[in-house]
Amino acid sequence: MNMETLDWKSLPFGYVKTDYNVRCYYRNGKWGELEISSSEYINLHMAATALHYGQEAFEGMKAFMGNDGRIRLFRWSDNSNRLKKSAEGIMMAEVHEELFHEVIVKAVSMNKRFVPPYGSGASLYIRPLLIGSGAQVGVKAASEYLFLVFVTPVGPYFKEGFKPVDMMITRTFDRAAPLGTGAIKVGGNYAASLRALEVAHHKGFASALFLDAKEKKYIDEAGPANFFGIKNNTYITPESQSILPSITNKSLQQIAKDLGMKVEIRPVPVEELGTFDEVGACGTAAVISPVNSIVDEATGEHFHFCKNGEPGPISKKLYEKLTGIQTGDLPDPYGWIEFVD
Ligand code: PLP
Ligand code: COI
């Protein structure tokens, strides 16, 4: 990769080939040695359960370059815990925390030259992947698994960056059922969301906003990001069985409390949208994406949040505090950061 051609400041959220990825296979009931690879391909049995029965889970986290030239990982153990839950949810071998840590640290440290420079607004996205690699033809869990981590330098998920976006409530598609797999990070959820996202993009919206699948009354989440609303000095975010528990959302709740705000985690009915002063989508990839407006696909009802197309003051404060901690510009009172040397 010729680094001269990488324009860090205008990187999209996409794939860039780096030098190495790190792999580990689970066979005969145990994890093997780490393998360092410079290939972008995997050699997979055609009857692997990942391909047929969706035994696949992934994670997403970021590493940031600080002004001091040190690389920071953000809350990696939360991602490790979530991957454990995903593995349990679709009956895959568990990646224990020590292995998870070893593999992500190796993947970052072997690709240091791809960590975007301090001040570029970009970061190194870390993508752990766990798949059933063993063959089965009947619907059964595999007995072999591959845990792989690759990294790629990324810019903002929504091309607008920290600029308000428009979203559309979808009533035509559900992403996940209440007792389904919505609360774990498995590939099937993303396949199920593709058509809704495509319709939203086609109509000019940055993302689709999903409602709870059972009653279609409450807000679930905003594509690949959680939803939050702000009013009366309160940070409000949906409680739902079918949304992914976002680590960014959890971090923003903590920051909001420390800014003297109240935090409510409860069902959020669609009608309540009209009462929020600010609305945002949050996630590792999206960071905070302030929401300018939301249109309801069914009724055409239109909710508007931003004045003069600018993010609201509280979203701005939350964004600055979160990104400040991640890049080391602000102190980390929570122990969220670990250095990779
Ligand atoms: N919701 C979904 C469906 C996601 O894919 C993500 C991204 O991981 C999030 C929410 C945000 O979660 P996190 O903040 O842990 O990245
Ligand atoms: C993330 O925020 O890490 C995500 O996984 C979002 C998306 C790219 C799936």
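**Entry 1: ground rules.** I am looking at a predicted model, where local features need pLDDT of at least 70, side-chain atom pairs count only at pLDDT 80 or more, and totals for chains, interfaces and linings use all residues. Residues are numbered from 1 along each chain as its sequence is written, chains are lettered from A and ligands numbered from 1 in the order in which they are written, and side-chain values use heavy atoms, with hydrogens and water left out.

**Entry 2: ligand 1.** I looked up what surrounds ligand 1 and found 16 residues, the closest being Y190, E221, S246, T248 and T284; to be near, a residue needs a heavy atom within 4 Å. By class, this shell has 6 nonpolar, 6 polar and 4 charged residues. Here Ala, Val, Leu, Ile, Met, Phe, Trp, Tyr, Cys and Pro count as nonpolar, Asp, Glu, Lys and Arg as charged, and the others, Gly among them, as polar. Both α5 (247-258) and β15 (278-283) supply at least two residues of the shell; helices (H or I, at least four residues) and strands (E, at least two) are DSSP runs, numbered from the N terminus.

**Entry 3: atom pairs.** Which distances did I find from oxygen atoms of ligand 1 to T248, I247 and R82? An N or O atom in the side chain of T248 lies 2.5 Å from a ligand oxygen. For a polar backbone atom of I247 the distance is 2.8 Å, and for a polar side-chain atom of R82 it is 2.8 Å. The protein covers 96% of the 380 Å² of accessible area that ligand 1 has on its own (Shrake-Rupley method, 1.4 Å probe).

**Entry 4: the largest pocket.** The largest pocket has a volume of about 640 Å³. It is lined by 39 residues, with F64, G121, A122, Y319 and T323 closest to its centre. The largest share of that lining, 5 residues, comes from α6.

**Entry 5: the cavity.** R175, A176, F210, L211, D220, E221, S242 and I243 line the largest cavity.

Notes. A polar contact is a pair of N or O atoms within 3.5 Å; within protein, one must be able to donate a hydrogen and the other to accept it, and residues adjacent in sequence count only if both atoms are side-chain atoms. On a 1 Å grid over the protein atoms alone, a cavity is a set of points where a 1.4 Å probe fits but cannot get out, and a pocket is an open set with protein on both sides within 12 Å along at least five of seven lines; lining residues have an atom within 4 Å of a point. Grid points are joined across faces, edges and corners, and a volume is the space filled by probe spheres set on the points.
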